[in-house]
Amino acid sequence: MKEILFKNVSEVIRDKSILSTLDEIGVSNIGELCNYSRMELNEKGVTNSAVNDIRIALQLNGIDLKPNHARKNSLILK
């Protein structure tokens, strides 16, 4: 599962508008994306529907965004 964290976001997320938004905030790989919570992505300008699409794409690969109440994403620290 660790190898997915080093993949480019475009390998998991196919929506071009989401990819351009993630590029604008400086997210280039899945590991960086997983260090954001849903709320943090909303604060950076990612819409709720885009965050839902991101979460679904990540969950299909066995990972998820950082929970809103945590400082670190325990799912990727294992």
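**Note on the predicted model**

1. Serine 37 lies in the loop between H2 and H3. The model under discussion is predicted. Is serine 37 buried or exposed? Its relative accessible area is 3%, and the cut-off for a buried residue is under 20%, so serine 37 counts as buried. Once neighbours within four places in sequence are set aside, the contacts of serine 37 are Lys66, Pro67 and Asn68.

2. Helix H1 comprises residues 16–24, and its buried residues are Ile18, Leu19 and Leu22. These residues cover an arc of only 100° around the axis, which means that they share the same side of H1.

3. Which elements cover the buried residues of H1? The cover includes helix H2 (30–34), helix H3 (38–43) and helix H4 (48–60). Just after H1, glycine 26 adopts a positive phi of about 90°.

4. The length of H4 may be checked against its residue count. At 1.5 Å a residue, its 13 residues should span 18 Å, and the end C-alpha atoms are 18 Å apart, so the two values agree.

5. Which residues of H4 are buried? They are Ala50, Val51, Ile54, Ala57 and Leu58. Because these residues cover an arc of only 125° around the axis, they fall on the same side of H4. The buried residues of H4 pack against H1, H2 and H3. Just after H4, glycine 62 takes a positive phi of about 85°.

6. At the level of the whole protein, there are four helices and zero strands, and from the N terminus the order of elements is α-α-α-α. Of the contacts with a separation of 6 or more, 50% are between residues 24 or more positions apart.

7. How much of the protein is buried? Buried residues make up 38% of its 78 residues. The accessible surface of the protein is about 4,900 Å², and carbon and sulfur atoms account for 50% of that surface.

Technical notes:
Residues are numbered from 1 along each chain as its sequence is written. This is a predicted model: local features need pLDDT of at least 70, side-chain atom pairs count only at pLDDT 80 or more; totals for chains, interfaces and linings use all residues. Side-chain values use heavy atoms; hydrogens and water are left out. Helices (H or I, at least four residues) and strands (E, at least two) are DSSP runs, numbered from the N terminus. Buried means under 20% relative accessible area, exposed over 50%, partly exposed in between (1.4 Å probe, protein chains only). Contact means heavy atoms within 4.5 Å. Accessible areas come from the Shrake-Rupley method with a 1.4 Å probe; for residues, only the protein chains shown count as cover. The arc is that of the directions from the helix axis to the C-beta atoms. The expected span of a helix is 1.5 Å times one less than its number of residues.
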